[in-house]
Each structure stands twice: as structure tokens, then as C-alpha cells.
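Hi,

Here is the structure I promised to pass on.

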Amino acid sequence: MDKSDFPRDKVCGDAIGGRVKRVLDQIDPTLLSEWEAFPRKNISKGWKLVAPNGKEVSVYFSNSGYVATRMDFDHFLFQKASKSDGIETILNDRVSSIRNQGDKIELQTESGKTLCAKMVIGCDGAHSIVAKQLAGFKVNLKDYSGAVRTYYEHISGITDPNLIEIYLLKDYLPGYFWIFPLSPTSANVGFGMLSEDIRKRKLDLKIALKHIIHSNPMLKSRFENAAMKGEIEGFGLPLGGKKRALSGNRFLLCGDAASLIDPLNGEGIGNAMLSGRIAAEHVIRAFQTSDFSANNLHAYDLAVYKKLYPELRKKWWMQKIFNRPWLINRLVNLGISNPGIKDWIGKKL
Ligand SMILES: Cc1cc2nc3c(=O)[nH]c(=O)nc-3n(C[C@H](O)[C@H](O)[C@H](O)COP(=O)(O)OP(=O)(O)OC[C@H]3O[C@@H](n4cnc5c(N)ncnc54)[C@H](O)[C@@H]3O)c2cc1C
């Protein structure tokens with residue numbers, strides 16, 4: 001079920017990390033080869049990190065990824081899923097309420113449908129109704145980010161279109177500005193920050209993005225002849241790093257609904273897909289044993305956190321530390337001269 005029809009946009013940086021390739025391969029190796037043959041995407045081999053002092057270091061990923069619009073990538077996935085045996089889709093209809101009746105889950109939709117299910121997988125993103133109404137999730141601004149993005153054409157100075165660019169700007173820490181190239185002259189351009197800091201500073205992210213582009217000395221000349229394509233749009237990022245219940249009687253949560261976004265770099269697509277793959281295994285098991293109890297489904301939480309929690313927790317701590325300009329400057333300075341540190345930046349951040 002989805003409130004939209006596909007292809008549909010999703011506000012995102014469009015950086016599709018290496019984990020996505022591994023999950024596609026695990027689900028079905030032909031999925032990965034078909035995605036690799038998909039034409040409208042740009043390979044990202046690494047990233048250029050620009051410190052508050054303007055010094056930069058370029059590091060290469062051990063497993064390359066892509067930059068592709070979510071319009072394209074999600075449509076690719078949707079087509080594959082919707083054509084699988086036994087799949088029925090309900091589109092353009094928002095779930096407006098969801099109730100656990102003990103022996104079934106009852107959903108109401110905006111168009112007035114009532115549906116009953118033995119179990120539900122909540123993959124409904126950052127404002128998940130499943131997480132709110134079945135799991136009682138509440139937003140904590142300390143573990144939530146806000147971000148805005150738009151698209152630009154005719155940007156100059158993309159010296160290597162296979163490197164995504166991340167700028168840690170002195171006046172906008174903790175937070176980062178990004179240029180994720182889709183081609184040698186076009187990119188997804190955005191800015192994000194921890195929601196608690198946005199609130200404290202009373203920051204309007206759309207204004208901040210324009211301000212960065214038009215006034216930052218490293219960036220303004222690059223955007224002088226650039227043209228914005230579409231609007232600046234924003235959305236929330238529920239960050240991982242603290243354990244929560246990811247399941248309960250007759251339901252599982254995946255991706256943003258389960259707050260699985262990397263709290264340091266804001267990547268959530270790979271973790272969403274990994275949790276989706278693990279959820280599928282647990283749904284099959286629940287149907288095989290006819291056991292949809294919270295007790296049985298708790299194995300899903302254990303499996304997801306076994307894979308993701310150590311990494312999410314480490315990044316959670318790093319996010320708390322890496323908001324100091326002097327520390328980032330020092331790290332990047334060290335990375336420029338020391339291949340070991342540069343390698344560490346590439347692998348750990
Ligand atoms: C500005 C920004 C930049 C980002 N950049 C990156 C990046 O570069 N790389 C990265 O890996 N991650 C990035 N993220 C995070 C990434 O977008 C998410 O982690 C990812 O989309 C999570 O996938 P999901 O399937 O859980 O949720 P979503 O992709 O949000 O999908 C949820 C789906 O549920 C549907 N839905 C929602 N509510 C209902 C309802 N009530 N009824 C029916 N359907 C519903 C929606 O229409 C949507 O199709 C970014 C996020 C933001 C906001």
C-alpha cells in the first residue's frame with residue numbers, strides 16, 4: 001500500500017550507498033545486475049570532505065555506490081516488487097488509521113476502505129502512522145534531523161563527478177551542505193542539521209541553503225551560472241543509535257519508520273532495504289508457524305540490531321563529537337598528509 005503512485009519523488013540526497021548493492025544481491029543477484037545496467041545513474045566512488053577551514057580531503061569507498069533520483073530508483077524497485085507472484089498493490093490511498101484488534105490489524109484509508117490483515121509491515125517512512133499508532137513512537141528532536149534539497153544544472157567546478165561533496169561549514173555546525181553529482185554539471189544539492197539545533201537557532205533550512213549557495217566564498221562562484229530545477233523541499237530524518245522496539249503483536253517496522261538512519265551521514269536507504277529484507281524472513285516464519293505474537297516477532301529486532309546497532313551506536317557517538325570545527329579541521333589536515341588517517345575517514349565516517 002502507498003499513498004502515492006509510482007514513479008513518485010521522495011525528498012532525499014539520492015546517494016545510494018554500497019549497502020544497497022549488497023542487499024539487492026542478497027535478494028536476487030539478477031536484481032543487482034539489472035540495477036547496474038540501469039542507465040540513469042551516476043557512480044559515486046568516494047567523497048570529498050571540505051573542513052570548516054576550507055581544506056579538503058578526497059577519500060574512496062571500499063564499495064562504490066550511485067547517485068540516482070528516487071523517482072528512478074524507487075520506481076525500479078517498485079516495478080520489480082509489484083510484478084512478483086501474489087502481489088496486489090493499493091496505490092494513491094493514504095492509511096489514515098491503524099488499530100490492533102488482537103486477532104487482526106484493521107486499517108482505514110483516506111478513500112474510505114477498511115482492510116484487515118494478519119500482520120502489517122510499517123515501511124511508511126519518517127512520519128510513519130504504523131510507528132505512531134501501533135508502537136507509540138514519539139519524535140525526540142535530539143535524535144531527529146531536518147534536511148532540504150533541490151536540483152541544480154550547470155554547476156561549475158565539479159572536478160570529479162564520481163565524488164560526492166560534503167561541506168562542514170563553520171556557521172552551520174552540526175550539519176552539512178552537500179553536492180551529490182548526477183552528471184558532470186548537475187547535482188542534488190542540500191543541507192541538513194539536527195532538529196534540536198534547528199529549533200535552538202530558529203533556522204529556516206530553505207533560507208540557509210540559499211544563503212550558503214549565494215554567499216559562501218567556496219561555493220558562490222560555482223553557482224553563478226547554475227539554474228535551480230524545481231523547488232527546495234524538506235523532510236525529516238529519524239536517526240538511529242538508540243534501541244527501540246521494532247516490532248509488536250502482528251507488526252514490524254522497517255527503514256525510517258524504525259529510525260534506522262545513520263546519525264552521522266544521514267544515509268538511510270541501505271538500512272531501510274536491509275531491514276526490509278530481514279523483515280521478509282520473519283514474516284515468512286510467522287506465517288509458517290501461525291505465530292504473530294510480539295514474543296515471536298521480537299527475533300526481528302534482534303536480527304536487525306545484530307547487523308546495524310554497533311555501527312549506528314558508533315556513529316551516534318561520533319555525531320556528538322564531530323560538531324567542533326577545530327576537531328574537523330585537524331582531522332582533515334591530518335587526512336591530507338597521512339594516508340592511514342585518510343583511509344580511516346573513508347571507512348569510518
Ligand atoms: C533531505 C534528505 C536527504 C537524504 N539523503 C539521503 C541520501 O543521500 N542517502 C541515503 O541513503 N538516505 C538519505 N536520506 C534518508 C532516506 O531518504 C531515507 O532513509 C529512506 O528514504 C527511508 O526509506 P523508507 O522506505 O523507510 O521510507 P520512504 O522512502 O520515506 O518511503 C515511505 C513510503 O511510505 C509511503 N507512506 C507514508 N505514509 C503513508 C501512509 N499513511 N499511507 C500509505 N503510504 C504512506 C510514502 O508515500 C512512501 O512511498 C535523506 C533524507 C532526507 C529527508
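P7 sits in the segment before strand 1; helices (H or I, at least four residues) and strands (E, at least two) are DSSP runs, numbered from the N terminus. The bond joining F6 and P7 is a cis peptide, with omega about 0 degrees. A quick word on what you're looking at: this is a predicted model, where local features need pLDDT of at least 70, side-chain atom pairs count only at pLDDT 80 or more, and totals for chains, interfaces and linings use all residues. Residues are numbered from 1 along each chain as its sequence is written, and side-chain values use heavy atoms, with hydrogens and water left out.

There's another cis bond, from L173 to P174, with omega near -5 degrees. P174 is in the loop between strand 9 (163-167) and strand 10. While you're checking backbones, look at H154, which isn't a glycine but has a positive phi of about 60 degrees. You'll find H154 in the loop between strand 8 and strand 9. S259 also has a positive phi, near 55 degrees, and belongs to the loop between strand 14 (251-253) and helix 7. Why point these out? Most residues other than glycine have a negative phi, and most peptide bonds are trans.

Now the ligand. It is surrounded by 32 residues, the closest being D2, G13, A15, R70 and D256; a residue is near a molecule or strand if one of its heavy atoms lies within 4 Å of it. By class, that shell has 14 nonpolar, seven polar and 11 charged residues. Here Ala, Val, Leu, Ile, Met, Phe, Trp, Tyr, Cys and Pro count as nonpolar, Asp, Glu, Lys and Arg as charged, and the others, Gly among them, as polar.

For polar contacts (pairs of N or O atoms within 3.5 Å), start with K10: an N or O atom in its side chain is 3.3 Å from an oxygen atom of the ligand. D14 uses a backbone N or O atom, 3.4 Å from a ligand oxygen. With D256, a side-chain N or O atom is 2.7 Å from an oxygen of the ligand. On its own the ligand exposes 1,000 Å², and the protein buries 91% of that (accessible areas come from the Shrake-Rupley method with a 1.4 Å probe). Strand 10 (175-181), strand 12 (227-238) and helix 7 (269-289) each give two or more residues to the shell, and strand 12 has the largest share, with three.

Strand 5 (residues 105-109) and strand 6 are joined by four bridges, and L107 partners L115 in strand 6.

Cheers

Terms used: Polar contact = N/O pair within 3.5 Å; in protein donor to acceptor, adjacent residues only side chain to side chain. Pairing = 2+ DSSP bridges.
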